[in-house]
Amino acid sequence: MARPIINNFKAFDGTLEREITFSYIGNQVFANKLYIYDNETNALVYSEKQTTMQLKHILPPNILTNGKTYHMKLSVFDVNDVESVLSNSLLFKTLKSPSFSIVNLVDGQTITSSRLDVSLLYTQEQGELLSEYKVSLYDVSQQIVDESDILYDNNLTYIFNG
């Protein structure tokens, strides 16, 4: 059998369910098994076989601890339950979901000007820095009125005009 390839992904919150996708060229997949190891100790922390023809594995919430580094491998099974060779190892981190808030506006506030200065506050429990963000302005009907381009600075302010 061929070797499955786990698709790359960014760090995620270990308290949430996560879909791990992969590619595979070979016989039809009928199941897959995901192995996750603590990268520091190499201890196996998760090993689960899921019966599905889809090229994904659903990692349940609260299996992994935020702030840690892990590596994973995956194998697939064909109709005869023959297991493939393991994928290459993929290194990843788990981080608590960040928190964003607008610090200069009050919930329910009516904006009466064509200029709106927005100041944001970003926090992340493990100290992960913000790499990019976008600011969107919605009306009361939840329709986008305006939005910024992707922003890369740590200024965390944006001005809507018009």
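Student: How many of the eight residues in strand β3 are buried?

Tutor: Seven of the eight are buried, so strand β3 (residues 31-38) is mostly covered. Buried here means under 20% relative accessible area, exposed means over 50%, and partly exposed is in between, with a 1.4 Å probe and protein chains only. Strands are DSSP runs of E with at least two residues, helices are runs of H or I with at least four, and both are numbered from the N terminus.

Student: What kind of model is this, and what pLDDT do local features need?

Tutor: This is a predicted model, where local features need pLDDT of at least 70 and side-chain atom pairs count only at pLDDT 80 or more, while totals for chains, interfaces and linings use all residues. Residues are numbered from 1 along each chain as its sequence is written, and side-chain values use heavy atoms, with hydrogens and water left out.

Student: Back to β3. In which sense does β3 pair with β4, and over how many bridges?

Tutor: β3 and strand β4 (residues 44-51) pair in the antiparallel sense, over seven bridges. Two strands count as paired if DSSP finds at least two bridges between them. Leu34 stands opposite Glu48 in β4, and Tyr37 has Leu44 as its bridge partner in β4.

Student: How many residues sit between β3 and β4 in the hairpin?

Tutor: Five residues lie between them, and Asn42 in that turn has a positive phi of about 65 degrees. Most residues other than glycine have a negative phi.

Student: And how many bridges join β3 to β6?

Tutor: Eight bridges join β3 to strand β6 (residues 69-77), and the two run antiparallel.

Student: Where are Asn62 and Gln142, the residues with a positive phi?

Tutor: Asn62 is in the loop between β5 and β6, and its phi is near 65 degrees, a positive value in a residue other than glycine. Gln142 is in the loop between β10 (136-138) and β11 (144-147); it is not a glycine, yet its phi is positive at about 65 degrees.

Student: Are Asn62 and Gln142 buried or exposed?

Tutor: Asn62 counts as exposed because its relative accessibility is 56%. Gln142 counts as exposed too, because its relative accessibility is 59%.

Student: Which residues does Ile102 contact, leaving aside neighbours within four places in sequence?

Tutor: Ile102 touches Val118, Ser119 and Leu120, taking contact as heavy atoms within 4.5 Å. Ile102 is found in strand β8 (residues 99-102) and is partly exposed, with a relative accessible area of 42%.

Student: How many Å apart are Ile102 and Ala31?

Tutor: They are 45 Å apart in space, C-alpha to C-alpha, and 71 residues apart in sequence.

Student: Zooming out, how many helices and strands are in the chain?

Tutor: Zero helices and 12 strands.

Student: What radius of gyration does the chain have, against that of a compact globule?

Tutor: The chain has 21 Å, whereas a compact globule of 162 residues would have one near 15 Å. The radius is taken over C-alpha atoms, and the globule rule is 2.2 Å times the number of residues to the power 0.38. The C-alpha trace spans about 65 × 35 × 25 Å along its principal axes.

Student: What share of the 162 residues is buried?

Tutor: Buried residues make up 30% of them. As for contacts between residues at least 6 apart in sequence, 55% join residues at least 24 apart.
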